[in-house]
Amino acid sequence: MNHRRISSYERSARHRRKRHNRKLAAMSAAVFLLAFAGIAAWIIYTQNLQKSRHVTAGASVDMGDGYRTVTYKGKSYQYNSLITTILYAGVDSKGEMKENAAYASAPRADSISLVVLDKKHQKMTIIAISRDTMTEIRRYTISGYDRGTYVSHLGYAYTYGDGGKVSCENLREAVAGLFGGIPVNEYAVTNQTSMTYINDLVDGITVTVPNNDLAALYPSMTEGKSVTLDASNVTDFLQYRDTSVSFSNEGRIERQQTYVTAYIQKLKEKLGTDTQEIWNKLENMEPYLQTSITKNKYLNLVNLLKKIEFSDSDYWHLAGENQEGTAHDEFYVDEEALQDKIIEIFYEEIP
């Protein structure tokens, strides 16, 4: 097996680019804060994952010349080139987000989402992906040597990197592989400290509480009640779950989806009237953001966001089955349901 080590020159170059890109692109990360979406899903994952990502429950995908054209269930499809995909992840850490000299010790990606912006159809789709999804991820040694891929929890793809660009790229590679090799164009990663900054960008969000998971901590947060989220409660609303209860991530996902849907609608309103105010607030968020999005890309994305449609029905959870693992819960994707959704969202039938 060949081993590749990240050079000191590459690390230095990344460090110079990182500060520039974070500040310029902070708005885009806020727009796609969908990272506060995880997953609660329900059907059985096929054991063919390690053999082939395109062989599922009696239906196969012929990738042809890669992801651009595919044959699925007897029909031919072409990739929609007017789609932009953005990986959003929220990692389980607090404080400033910095690269580490040692690899394989970064925090876990706690919430993972793929944002799909379809310019052709003026539509946004959010695909929530469980951090516990069992899929192929790349491992690095502490010294930064590439040890190849193996099947583990998707959230650990970030962990095995350097806590900086390598971690982000590693997670991006794993998500692209999970979706059959389609491009994941950009990424934006934040952490727990970012939550209050993101919430403040739109002066707080009022939501209808979807469950009773937080009733013991916050008597006002019982199912069906309306509550305004601010610096005192937004982190718990988005992050808390009872780790002693199996699959407690499901209740958290309900809250995250409620928040994200309300947030995007309010942000679109703010962009029409308070663009400069939001930009000024974002400067305070700079240490808590990692992104590949440059200024030009950011401007294009914001303009697109103003035009596209998004509703709660456009927020989709990856289907599959939760199982109790040895150390952590495990989520096994329903591969056929995933392939159906990939075709629906990313492809158009060739006449």
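Trainee: Is Tyr79 buried or exposed?

Mentor: This is a predicted model, in which local features need pLDDT of at least 70, side-chain atom pairs count only at pLDDT 80 or more, and totals for chains, interfaces and linings use all residues. Residues are numbered from 1 along each chain as its sequence is written, and side-chain values use heavy atoms, with hydrogens and water left out. Buried means under 20% relative accessible area, exposed means over 50%, and partly exposed lies in between (1.4 Å probe, protein chains only). The relative accessible area of Tyr79 is 10%, so this residue is buried.

Trainee: Which residues are in contact with Tyr79, leaving aside its neighbours within four places in sequence?

Mentor: Tyr79 belongs to strand 4 (residues 75–79); strands (E, at least two residues) and helices (H or I, at least four) are DSSP runs numbered from the N terminus. Contact here requires heavy atoms within 4.5 Å. With those neighbours set aside, the contacts of Tyr79 are Tyr67, Arg68, Thr85, Ile182, Pro183, Phe346 and Tyr347.

Trainee: How many aromatic pairs are there?

Mentor: Rings of Phe, Tyr and Trp (its six-membered ring) pair if their centres lie within 6.5 Å; planes under 30 degrees apart count as stacked, over 60 as edge-to-face and the rest as tilted. Ring pairs join Tyr67, Tyr79, Phe346 and Tyr347 in a cluster. By this rule, the number of aromatic pairs is seven.

Trainee: Why do the rings of Tyr150 and Tyr160 count as they do, and what is the pair called?

Mentor: A pair of aromatic rings is described by the distance of the centres and the angle of the planes. For Tyr150 and Tyr160 the centres are 6.2 Å apart and the planes stand at 80 degrees, so the pair is edge-to-face.

Trainee: How many residues apart in sequence are the parts that this pair ties together?

Mentor: Tyr150 is in strand 9 (residues 146–153), whereas Tyr160 is in the loop between helix 2 (156–159) and helix 3 (165–178). Tyr150 is partly exposed at 24% relative accessibility, and Tyr160 is partly exposed at 21%. The pair therefore ties together parts whose separation in sequence is 10 residues.

Trainee: Are the rings of Tyr259 and Tyr263 stacked, edge-to-face or tilted?

Mentor: Tyr259 and Tyr263 are four residues apart in helix 6 (residues 249–273), so about one helical turn separates them. Tyr259 is buried at 0% relative accessibility, and Tyr263 is buried at 0%. Their ring centres are 5.7 Å apart and their planes at 35 degrees, so the pair is tilted.
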